[in-house]
Amino acid sequence: MDDLNQVLRARREKLAALKARGIEPFAYNFDCTHRAAEASAIFEQADAAGTLGEDGEGEATRIGGRIVAWRSHGKSAFAHVEDASGRIQLYFKKDMLGDESFADLDLLDLGDWIGVEGPLFRTRTGEVTVRVRTWTLLAKSLRPLPFGKVETDPETGERRVHSGFADTESRYRQRYADLAVNPDVREVFRTRARIISELRSFMDGEGFLEVETPVLQPLYGGASARPFMTTHNALERTMFLRIADELYLKRLIVGGMDRVYEISKDFRNEGIDRFHNPEFTMLEWYQAFADYEDQMDLVERLLVHVVRSVKGTDSFVFGDHEIAIRSPFPRIKLVDALSEALSEDVSDMPEGELRRRAEKLSIPELAGAGRGKLVDKLFGELVEPSLIQPTFVLDHPRELSPLAKPKRGEPRLTERFEMYMAGVEIFNAFSELNDPLDQRERFEAQGRLRAEGDEEAQQVDEDYIRAMEYGMPPTGGVGMGVDRLVMLLTNQASIRDVILFPVLRGDE
RNA sequence: GCCUCGCUAGCUCAACUGGCUAGAGCAACUGACUCUUAAUCAGUAGGUUCGGGGUUCGAGUCCCUGGCGGGGCACCA
């Protein structure tokens, strides 16, 4: 207790005083009749309909919330409480509450949870307010929340927060405090939930079956990435956290489940930046009898559906850009886009020339890069940042896509697309490779890359090849970065702002 | 992993070129106030300046080192 600062100490003293007065500081429940926003709305309706009482009072309500502002005036006090719906003003008056209950208000603090009961009325300045008849302490706050002060501009109604809680690191580490004092942050995560819900209902509506495949895997695959490893004690074996759902979902296609999808966390043991968190949420789906052309149509319909449902329009603002979701989206071939950027056809450009171009742009880490990798690097440098409006980029080099079918008529390429918005890759899809002999060769080529030190190259998955040998129908598959879509639709600059508890270093 | 910027009271921020006892607002505490809303007014208290080491008569400030975070690069979705 000695090492607590005065602020924490004052609250513990109030806690003791409350107990001494026979007030339970941590209640078991509270029977609310309304949320704050509903109560205000009901009052406004009654007022408009002229059904308020003669004293201008509306119906009695019970509201539970956290005290976020307090203004005491001697024998009366105003406060705001906030619940999940918003905030509402409270008016405490000594002759309404009685001496004892009014005196006990001195033991409340910002951050306390209370329940109040009383009729609604409108103050002289027009704000719908609860005239508190009785109040109950629901939970004492023993640590001050970093509330700012909210100023509402009387003319524009605009809310400005003074001081507040801005330190990025503290906000991520103590997300509970961030959520408690920043309603905007709560809104971002409400939108995130809506987006995921709309993704589900869209996939369900298209006849896809939601499935769950292993997070903990004996082999990992389906993407180029380093995995997290762990150990199963009883089995005495190394297990991997999945880097993609792909290989299991396609086993289900082999099994005859012709449309499947999964929304789940994947884990990649790589760097962290504003577009990457080590654990992130992916939507993957696989559709039998379809190819990547069909998947472009599906992606377009999915985006239109989600953006309309969540934003109410066909466009949204991200940073400096207004992104319009109007299908069909432009479809450009990777090689053509790059040729245009270089003002020279790259389809037959020798590897040495590609390398010289990349070196001229001082693109780093070119050592050991083959043709495909060079094309990819150049594309990332020259074209990707300019893909602001939704754009499909088609037909990636074969060596970069070991799970995709060869492009019809152009066997050095694959039937693959990535979809970009705001310069960010959101979707990745292929006509799925369903020839088990070709698949084995691709895995073996990956194995050679691995032997040369490419830690991200895939391993041979014999069981996956066995599944394919039973017969896999032609299939279109798509992966989507859910967090990134949420970033775009909530206009958040960092993936950490759309993940409740992003990965940070320890602070011990 | 590399480059770069940052870390000062519970919160948001000051402190010039190294120089008095590290300041302010909010929050807290004491008092006044029965329609306020960034309530107001009077007063009080609150600091390991991220940790460790060094230079100096003197370090929040300069140097070394470590930690954490932001941004960029690399890797990647």
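**Strands, salt bridges and burial**

Trainee: Leu216 has Leu241 in E12 as its bridge partner. What makes E10 and E12 a pair?

Mentor: Good place to start! Keep in mind that this is a predicted model, where local features need pLDDT of at least 70 and side-chain atom pairs pLDDT 80 or more, while totals for chains, interfaces and linings use all residues. Residues are numbered from 1 along each chain as its sequence is written, chains are lettered from A and ligands numbered from 1 in the order written, and side-chain values use heavy atoms, without hydrogens or water. Now, pairing requires at least two DSSP bridges between two strands. E10 and E12 (residues 237-241) are joined by two bridges, and they run antiparallel, so they meet that requirement.

Trainee: Why is E10 called an edge strand?

Mentor: E10 belongs to an open, antiparallel sheet of three strands in the order E10-E12-E11. E10 (216-217) and E11 (229-232) each pair on one side only, and they are the edge strands. As for the name, a strand is a DSSP run of E with at least two residues, a helix is a run of H or I with at least four, and both are numbered from the N terminus.

Trainee: How do you know that E15 and E16 pair?

Mentor: Four bridges link E15 (residues 315-318) to E16 (residues 321-324) in the antiparallel sense. Phe318 faces His321 of E16. Two residues sit between the strands of this hairpin, where Gly319 has a positive phi near 55°.

Trainee: What makes Lys407 and Asp395 a salt bridge?

Mentor: Their closest N and O atoms are 3.1 Å apart, and a salt bridge needs a Lys or Arg side-chain nitrogen within 4 Å of an Asp or Glu carboxyl oxygen, so this pair qualifies. Lys407 is in strand E19 (residues 406-407) and Asp395 in the loop between E18 (391-394) and E19, so the contact ties together parts 12 residues apart in sequence.

Trainee: Why is Asp395 called buried?

Mentor: Its relative accessible area is 1%. Buried means under 20%, exposed over 50% and partly exposed in between (1.4 Å probe, protein chains only), so the label follows. Lys407, at 15%, is buried too.

Trainee: Is Arg331 buried or partly exposed?

Mentor: Partly exposed, with 32% relative accessibility. Its salt-bridge partner is Glu293, at 3.5 Å from N to O. Arg331 lies in strand E17 (residues 331-333) and Glu293 in helix H9 (residues 292-311), so the pair ties together parts 38 residues apart in sequence. Glu293, at 35%, is partly exposed as well.
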